[in-house]
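Please keep the sequence and the 3D view open as you go.

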Amino acid sequence: MSITSSTLTRAAAVAAALYGLIYIVIQFIHPADVVESLGTQLWVTVHILSFAMAVFALIGITGIYLRQIRQFGVLGLVGYLMFGLFFLLQSAFNFAEAFIAPLLVADAPQFAVDFVGLFGRYPAVTDLGVLKALPLVGAALYVGGAVLFGVAVIRARMLSRGAGILMIVAAAVTPVAGALLPHALERMAAVPMGLALIWLGYSLWADVRKPASLPLAAASEPRLDPTAAV
C-alpha cells in the first residue's frame, strides 16, 4: 500500500475521532482518585486508554492543522502549539498514572494519592514541588489552545464551522464547571470537547474525499478551434 498525503490525513481524521470517543467513554468509567483504586485493573486500563487518547489527539490535531495550514495563520499556529503541548503533558501524566503510581502505593501511598489527585482538586498532604503547577498550566494550555484552535477552524472555512464553535464552547465551559461542580460532575464537561473532536475528525475525512473540481473559469470558458475559418 502506497502512503500518500490523503492516507495520512484520513489516519489523522480517525485519530481525532478516536480521541473524542475515548474521552467521552472514560468519564463514565474513571475510578476514584483514592489509594484503593490504584491497584485495580480498571485503574490501569483507564489510564492506558487515556495515554493512547492523548497520542490520538496529537495526531488528530496535527492532521487538522496541516490540512488548513495556510488558512490557519499565526493564530491557528499558536492554538495548535498550545493544544499540542497540553496533549504531550497529558500523555506523560497518564503514563505515570498507569505504570508508576501503582508501584508507589506500598512504600509511599500518600504521595501516590496526592500525585494522581492533582487534577481532582484534592489538597495534597505531601510536598509535590513544581508538580503543583501542573493543573494551572494544563488548564491554560487546554482552554487557551482549544479556543484559538476553534477560532482558526471557523476562520479557515475548510472544515465544519459548527465543530469549531462547539470546541470553543466546550473549552469555555470547562473552567466554569471546575469552579461550580464537584469533580465527579465536572468530568461531564469533557463530553462536548469529545464530540467536537469526533465532528472535526469526520469533517476532515469528508474533506479529503471531496472530488477535485476544475476552476470555474477553465470549466466554462469556450475553447477556440484553431482550424476555424477566418
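Helices (H or I, at least four residues) and strands (E, at least two) are DSSP runs, numbered from the N terminus. Residues are numbered from 1 along each chain as its sequence is written. Please bear in mind that this is a predicted model, where local features need pLDDT of at least 70, side-chain atom pairs count only at pLDDT 80 or more, and totals for chains, interfaces and linings use all residues, while side-chain values use heavy atoms, with hydrogens and water left out.

**Overall fold**

- The protein chain has 11 helices and 0 strands, and its pattern along the sequence reads α-α-α-α-α-α-α-α-α-α-α.
- Of the 230 residues in the protein chain, 40% count as buried; buried means under 20% relative accessible area, exposed over 50%, and partly exposed in between (1.4 Å probe, protein chains only).
- Contact means heavy atoms within 4.5 Å, and residues 24 or more positions apart account for 72% of the contacts in the protein chain with a separation of 6 or more.

**Annotated transmembrane regions**

- An unreviewed UniProt entry carries the annotation "transmembrane region" for residues 12–30, 42–65, 72–93, 133–154, 163–181 and 187–205; UniProt positions are given in the numbering used here, feature names are shortened, and annotations may be inferred rather than shown by experiment.
- Residues 12–30 are 95% helix and 0% strand, with 26 Å between the end C-alpha atoms.
- Residues 42–65 are 100% helix and 0% strand, and their end C-alpha atoms lie 34 Å apart.

**Helix packing around α10**

- Two packed helices are described by the angle between their axes and the distance between the axes. Here axes are lines fitted to C-alpha atoms, for helices over the stretch in contact, and angles run from 0 to 180 degrees between N-to-C directions.
- Helix α8 (residues 161–180) and helix α10 (residues 190–208) cross at roughly 160°, and their axes come within 8 Å. That makes α8 roughly antiparallel to α10; angles under 35 degrees count as roughly parallel, over 145 as roughly antiparallel, 65 to 115 as roughly perpendicular and the rest as oblique.
- The α8 side of this contact includes Leu166 and Met167, and the α10 side includes Trp199 and Leu200. By class, the contact of α8 with α10 has 12 nonpolar, 1 polar and no charged residues; Ala, Val, Leu, Ile, Met, Phe, Trp, Tyr, Cys and Pro count as nonpolar, Asp, Glu, Lys and Arg as charged, and the others, Gly among them, as polar.
- Helix α1 (residues 5–29) packs with α10 at an angle of about 160°, with their axes 8 Å apart. That makes α1 roughly antiparallel to α10, and the residues of the contact of α1 with α10 divide into 18 nonpolar, 6 polar and 1 charged.

**Residues to look at**

- Arg187 is buried, at a relative accessible area of 17%. Not counting residues up to four places away in sequence, Arg187 touches Gln27, His30 and Asp33.
- Arg157 sits in the loop between α7 (134–156) and α8 and counts as exposed at 60% relative accessibility. Phi of Arg157 is near 60°, a positive value in a residue other than glycine.
- Pro102 lies in helix α5 (residues 101–104) and counts as partly exposed, at 23% relative accessibility. Leaving aside neighbours within four places in sequence, Pro102 is in contact with Leu38, Trp43, Ala96 and Glu97.
- The C-alpha atoms of Pro102 and Val113 are separated by 9.6 Å, and the two residues are 11 residues apart along the chain.
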